[in-house]
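Here is a walk through one structure, from the whole chain down to single residues. Keep the model open as you read.

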Amino acid sequence: GTIEQLNVTPISKTQFIISKLLPFWFIGLFVFGFGLVVGKLIFEFPIVGSVWLLFAFTALYLTAVLGIGLFISTITHTQQQAMLVAWFFIVIFILMSGLFTAIENMPPWAQKIALFNPVAYFVEFIRLVLLKGSEFRHVLKHFIVIAGMSLVINILAVLAYNKRS
């Protein structure tokens, strides 16, 4: 009943999408920070690069990924449909991210698809900053691509959302 109540309020579509995105954005940043602390303290994982750069990119990345989830939820009719579509994209994104198999070792058609995969940019960014100590100027391309993805997908989510009374 909460969504029905929100749909009849005088808030705009943009405000609604932002209000749905923001709590999960904060949770995502907290979980990322918690993971970094656990990795450093328990597993003695090296953090070579800037933690602030990691958090800045993660904040932008979360906006893009959460926007994908919001877009999926606006174009599906039931929770089961949304979960199935989201699961499909999650599996494809993870398998084609370069986490398990280097993107360079994938066939050319898969390499082209990986260009539209936000997880691939995140995996590469984490390796560059966390393990190699890259600076902002070295990862500027990643920021630009993820910012573009975030902008496009969140605009699509706002446009696809229909307030029903």
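**From surface to salt bridge**

Areas here come from the Shrake-Rupley method with a 1.4 Å probe, and for residues only the protein chains shown count as cover.

A word on the basis. This is a predicted model, in which local features need pLDDT of at least 70 and side-chain atom pairs count only at pLDDT 80 or more, while totals for chains, interfaces and linings use all residues. Residues are numbered from 1 along each chain as its sequence is written, and side-chain values use heavy atoms, without hydrogens and water.

Now the fold. The protein chain has seven helices and zero strands. Helices (H or I, at least four residues) and strands (E, at least two) are DSSP runs, numbered from the N terminus. Along the principal axes, the C-alpha atoms fill a box of roughly 50 × 35 × 30 Å. Contacts (heavy atoms within 4.5 Å) tell how the chain meets itself. Of those with a separation of 6 or more, 70% join residues 24 or more positions apart.

Of the 165 residues, 36% count as buried. Buried means under 20% relative accessible area, exposed means over 50%, and partly exposed lies in between (1.4 Å probe, protein chains only). Thr-74 is an example, in helix α3. Thr-74 counts as buried because its relative accessibility is 16%. Leaving aside neighbours within four places in sequence, Thr-74 touches Ile-17, Ala-157, Ala-160 and Tyr-161.

Val-37, Leu-41, Ile-42, Phe-43, Phe-45 and Leu-131 make a nonpolar patch of about 650 Å². Patch residues have over 30% relative accessible area and no salt bridge; nonpolar side chains (Val, Leu, Ile, Met, Phe, Trp, Tyr) are joined within 5 Å, like charges within 9 Å. One member, Phe-43, lies in the loop between α2 (13-41) and α3 (51-75). Phe-43 counts as exposed because its relative accessible area is 63%.

Which residue forms a salt bridge with Glu-135? The partner is Arg-137, with the closest N and O atoms 3.2 Å apart. A salt bridge needs a side-chain nitrogen of Lys or Arg within 4 Å of a carboxyl oxygen of Asp or Glu. By this rule the count is one. Arg-137 is exposed because its relative accessible area is 60%. Glu-135, at 42% relative accessibility, is partly exposed.
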